[in-house]
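Open the model in your viewer and keep the sequence panel beside it. This tour tells you what to select at each stop and what is there.

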Amino acid sequence: MNILVCITHVPDTTSKIQFTDNNTKFDTTGVQFIIGPYDDYALARAVELRDQTSGKLTVLNVGGAETEPTLRKALAIGADEAIRVNAEPKDSYFVAQQIAHYAKEGGYDLILMGRESIDFNGGMVHGMVGEILGMPSFSPVMKLDIDGTTANMQREIEGGKENLEANLPLIAGCQEPIAEWKIPNMRGIMSARTKPMNVVDPVGDETQAEAKSYALPPAKAEVKLIDADNVSELVSLLKNEAKVL
Amino acid sequence: MSVLVYIEHADGQIKKTSLEAISFAKGLVDKTGEGDVVAVALGSIESAALAKAGSAGASKVMHDPNDKLSAGVIQAHASAVASAFKQTGAKTVVMAKSSLADAVAARLAIKINAGLVSNVVELPNTDGGYTVKRSIYTGKAFAETSLATENKILAIKKNAADLITDGADAQVEQFDAGVADSDFAAKITSTDRATGDVLLPEADIVVSGGRGLKGPENWGMIEDMAKTLGAATGCSKPVSDIGWRPHHEHVGQTGIKVAPSLYIAVGISGAIQHLAGVNSSKCIVVINKDPEAPFFKAADYGIVGDAFDVVPKLTEALKAEL
Ligand SMILES: Cc1cc2nc3c(=O)[nH]c(=O)nc-3n(C[C@H](O)[C@H](O)[C@H](O)COP(=O)(O)OP(=O)(O)OC[C@H]3O[C@@H](n4cnc5c(N)ncnc54)[C@H](O)[C@@H]3O)c2cc1C
Ligand SMILES: Nc1ncnc2c1ncn2[C@@H]1O[C@H](COP(=O)(O)O)[C@@H](O)[C@H]1O
């Protein structure tokens, strides 16, 4: 089976978010970048499925040269080759167009993505790619098994889950517990150095919804501590001060 | 020009988040001073229940009662909304984020060539351009996003609008979205959904427990408090990872993002990944025996104490008050 996994290059989940240039640019000072946590789930499941079916696994990122270490990490985790579409990922529409173009060229049976990126949190790219390619798309997918050309999936819905059956090729936006995050081992890291990293040019430049400026939420006021022996005071504060009861 | 709102329903009623989306759309119409709000509903539901869309600000509901649309088949819903969009001649679609709406919005954006903004937190700014404020970095920041397209889709976050409740009943009109069989190719073979419980993503109050509760057998007191408050229950990631609680209760960066009026966290340390899922709450109460627990920095009210002592006492005090 020929599998494509699309990964984002995003600030580590513990990063302090700040902006520069008059709040028009993300401040990367001191920020560590990682594979998006949901993309990491997608990648982990893709490695398992590739191993089961002895197919090929490609990872793709739309981003500048700075994302290559992140793609290398995906190769170390088990992908066979990487594609970097050399362009700034300006909005989900632009990214979806890039992925759709290269996905079509690659003729993949299965395209896995994360449920959402953790920078812009749109959760939109998989659906857009699906519509552009005329392929079914599902998200958030918590379980995915392949039986011949049929996929059996479990999707999270509000307050529960639904089980689904669909034919390949398809696209899934993944989340736990689809697989456990994989940590690259020494052999993986060594072999990743020689695996292909293909840098390709973007197609088109249309964007639809670009971020123009950024802002941080207002600082939180100091917590009010209430004595453990005086819980009724908390109840009264919730009722009369916070007005949430 | 009409603003179209894709609404969802469960257990025979329009979902509260969808009613909020209608009120958001009404706010948009009032702001621009033109048009009205038309809701689109799919699948089996009584007309009387749909007419209630009016109370939130809709003047009309277009309803395709095709029972095949009752299950939320993503492609079929996207096609049906696209068809309603064309029939009404609307330029803007509003919907409340959900696991179905997100998937539908993305496909719809391509179908109708619309610019799409997700996690919208307030009405767009329409003076000389069109910019929308959305939440990014999992609630840690906001982005002003400019929309360049004629057609637009806004997927709104909970609390983006105040619910209007004083509108008159809406007129319900049946329509045929003409969804092709091929859009039903994916088969939903079964659904497993807690009914009757307050759903976590929509809950107005959430009581959440963490690893500090020591084991699943101790969740009785969390459930008691939740029941007293009419709240939904949530948990931290390790708690659902170990299987103490079901996965759909996991709150945080990699779980459900909640935005209740009141979030009560018991025995949760307040790791940054957990906070990312709760930072849109209006009021946060933290109960933790460790005064240094990071969660206190994100809290409005806190009690330093042993959960096994504090929680039952607090539930009693709440019962006495409510
Ligand atoms: C990429 C990534 C994504 C993640 N996503 C999420 C996420 O979405 N959601 C999430 O929750 N976590 C997430 N995590 C995990 C997160 O970092 C923390 O490990 C987790 O939130 C800790 O859970 P906890 O607070 O329940 O447990 P602990 O950190 O073990 O804290 C338990 C707390 O209970 C208190 N306590 C103990 N006994 C008592 C008592 N008797 N009474 C009162 N208090 C008591 C302790 O003082 C402590 O503060 C993620 C981690 C990573 C790396
Ligand atoms: N720049 C990108 N490069 C590759 N894949 C991406 C990119 N942006 C988003 N994706 C994929 O699309 C998923 C959903 O992203 P989003 O719609 O931005 O929340 C992510 O989890 C990735 O799998």
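## Chain A as a whole

Select chain A. It exposes about 10600 Å², and carbon and sulfur atoms supply 47% of that area. Accessible areas here come from the Shrake-Rupley method with a 1.4 Å probe; for residues, only the protein chains shown count as cover. This is a predicted model: local features need pLDDT of at least 70, side-chain atom pairs count only at pLDDT 80 or more, and totals for chains, interfaces and linings use all residues. Residues are numbered from 1 along each chain as its sequence is written, chains are lettered from A and ligands numbered from 1 in the order in which they are written, and side-chain values use heavy atoms, with hydrogens and water left out.

Colour by secondary structure: chain A has six helices and 15 strands. Helices (H or I, at least four residues) and strands (E, at least two) are DSSP runs, numbered from the N terminus. Of the 245 residues of chain A, 55% count as buried. Buried means under 20% relative accessible area, exposed over 50%, and partly exposed in between (1.4 Å probe, protein chains only).

Now show both chains. Six strands form an open sheet with parallel pairing, in the order E15(A)-E17(B)-E16(B)-E15(B)-E13(B)-E14(B). Strand E15 (224-225) of chain A and strand E14 (232-235) of chain B stand at the edges; each has a single partner strand, so one side of each is left without a neighbour in the sheet. Two strands pair if DSSP finds at least two bridges between them.

Select residues 205-209 and 262-266 of chain B. These are strands E13 and E15, paired in the parallel sense over five bridges. Val207(B) stands opposite Ile264(B) in E15(B).

H8 lies across E15, E16 and E17 of chain B, at about 135° to E16(B). Axes are lines fitted to C-alpha atoms, for helices over the stretch in contact, and angles run from 0 to 180 degrees between N-to-C directions. Contact means heavy atoms within 4.5 Å.

## A covered strand in chain B

Select residues 37-42 of chain B. This is strand E4, and six of its six residues are buried. Which way do the side chains point? Val37(B), Ala39(B) and Ala41(B) point one way from E4(B), while Val38(B), Val40(B) and Leu42(B) point the other way. In a regular strand the side chains alternate between the two faces of the sheet.

Look at the partners. Strand E1 (residues 3-6) of chain B runs parallel to E4(B), joined by four bridges. Leu4(B) stands opposite Val38(B). Strand E5 (residues 60-64) of chain B is also parallel to E4(B), with five bridges. There, His63(B) is the bridge partner of Ala41(B).

## A lysine in a loop

Select Lys15(B). It sits in the loop between strand E3 (13-14) and helix H1 (16-32) of chain B. Is Lys15(B) buried or exposed? Its relative accessible area is 10%, so Lys15(B) is buried. Leaving aside neighbours within four places in sequence, its contacts include Glu158(A), Glu8(B) and Glu202(B).
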